Amino acid sequence: MTGEIEALERKRAEAMQAGDVDTLDALISDKLVYLHSSGGRDGKESYLGQIRDGTITYIRVAPPEPEVVLAGDTAIVFGRMNADVVRAGKDLALDYDYLAVWAKEGGQWRFLAFQPRPKAN
């Protein structure tokens, strides 16, 4: 089952880079809490809206190599985000560790939460 979550993390990264809002919409829980490395916080609609309107453009997203811990219908993902992003017209090089949460909703895994943190030395 951890392989399924790893595949979903790759699919999420690919959709981010492609700006594929439809795929992201299908993956993301309506209860999403997405914390940004800049300190901002988004729910599902505001996060997808920023991708849709070009406020956030993922130029390159490196394939994730997540470590997955399963606890019932919840998957905790420890990963590394390495990406080139344009946010509100500013070029950003992102390189940090993250914690993501996937939860089963109606029998389907949905991306529920994301928290970045500075890279460990």
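Among contacts in the protein between residues at least 6 apart in sequence, what share joins residues at least 24 apart? The share is 49%, with contact taken as heavy atoms within 4.5 Å. The model is a predicted one, so local features need pLDDT of at least 70 and side-chain atom pairs count only at pLDDT 80 or more, while totals for chains, interfaces and linings use all residues. Residues are numbered from 1 along each chain as its sequence is written, and side-chain values use heavy atoms, leaving out hydrogens and water.

On to the overall build. Three helices and seven strands make up the count, in the order α-α-β-β-α-β-β-β-β-β along the sequence; these are DSSP runs numbered from the N terminus (helices H or I, at least four residues; strands E, at least two). The C-alpha trace spans about 40 × 35 × 20 Å along its principal axes.

As for the surface, the protein exposes about 6500 Å², with 49% of that supplied by carbon and sulfur atoms (Shrake-Rupley method, 1.4 Å probe; for residues, only the protein chains shown count as cover). Of the 121 residues, 37% count as buried, meaning under 20% relative accessible area, against over 50% for exposed and in between for partly exposed (1.4 Å probe, protein chains only). Phe78, in strand S5 (residues 74-87), is partly exposed at 38%.
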